[in-house]
Amino acid sequence: MSRTINIKGKIIIQNIEIAQEVLRELNLNIKIENNNFIFNEYDNLDRIIESEKAKEIEQVETLYTQKFNIYLEQVAEKERLEIAEEKRVLREEKAELMIINAKKQGYKLKKEIREDNTIKLVLQKRIY
């Protein structure tokens with residue numbers, strides 16, 4: 001008895017590159033179609049066991065989910081570092097502007113302390 005076996009994965013693929021990498025690693029006869037993992041094959045000799053193919057798809061989806069979560073963590077870390085750098089640049093610009101304005105008003109910079117993302121300025125002005 002010949003039949004066509006169609007098994008569709010449960011998760012939706014959000015990153016095709018990672019999904020293709022997983023399929024290359026596992027080297028299974030599973031394809032990507034409409035953002036899902038799919039096994040679709042004609043079995044003319046009744047040698048394909050559906051439950052095994054379903055387990056293979058679950059295995060592919062599990063590995064894909066793990067790799068995708070690692071990818072998301074790396075992207076979030078990269079964005080966090082970029083935001084921290086932008087904040088540092090803005091703090092530097094603000095500190096320089098404050099020092100320039102203080103010097104215009106006759107103050108002298110006596111001490112500058114930079115720690116814990118804060119800037120402490122000690123300004124001195126002598127009036128005669």
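How many helices and strands make up the secondary structure of the protein? The secondary structure comes to 2 helices and 5 strands. The model is predicted. Along the sequence, the elements follow the pattern β-α-β-β-α-β-β.

**Overall dimensions**
- The protein has a radius of gyration of 30 Å, well over the 14 Å that the globule rule gives for 128 residues, so it is more spread out than a compact globule.
- The C-alpha trace spans about 110 × 20 × 20 Å along its principal axes.

**Burial and contacts**
- Of the 128 residues, 21% count as buried.
- Among contacts in the protein with a separation of 6 or more, 58% come from residues 24 or more positions apart.

**Packing of the helices**
- Two packed helices are described by the angle between their axes and the distance between the axes.
- Helix α1 covers residues 16-26 and helix α2 covers residues 50-104; the two pack at an angle of about 135 degrees, and their axes are 9 Å apart.
- The crossing of α1 past α2 is right-handed.
- On the α1 side, the contact is made by I18, A19, E21, V22, L23, E25 and L26.
- On the α2 side, the contributing residues are Q59, V60, L63, Y64, K67, F68 and Y71.
- Sorted by class, the contact of α1 with α2 has 10 nonpolar, 1 polar and 3 charged residues.

Key
Residues are numbered from 1 along each chain as its sequence is written. This is a predicted model: local features need pLDDT of at least 70, side-chain atom pairs count only at pLDDT 80 or more; totals for chains, interfaces and linings use all residues. Side-chain values use heavy atoms; hydrogens and water are left out. Axes are lines fitted to C-alpha atoms, for helices over the stretch in contact, and angles run from 0 to 180 degrees between N-to-C directions. Helices (H or I, at least four residues) and strands (E, at least two) are DSSP runs, numbered from the N terminus. A crossing is left-handed if the near helix is turned anticlockwise from the far one by less than a right angle, and right-handed if clockwise. Contact means heavy atoms within 4.5 Å. Ala, Val, Leu, Ile, Met, Phe, Trp, Tyr, Cys and Pro count as nonpolar, Asp, Glu, Lys and Arg as charged, and the others, Gly among them, as polar. The radius of gyration is taken over C-alpha atoms; the globule rule is 2.2 Å times the number of residues to the power 0.38. Buried means under 20% relative accessible area, exposed over 50%, partly exposed in between (1.4 Å probe, protein chains only).
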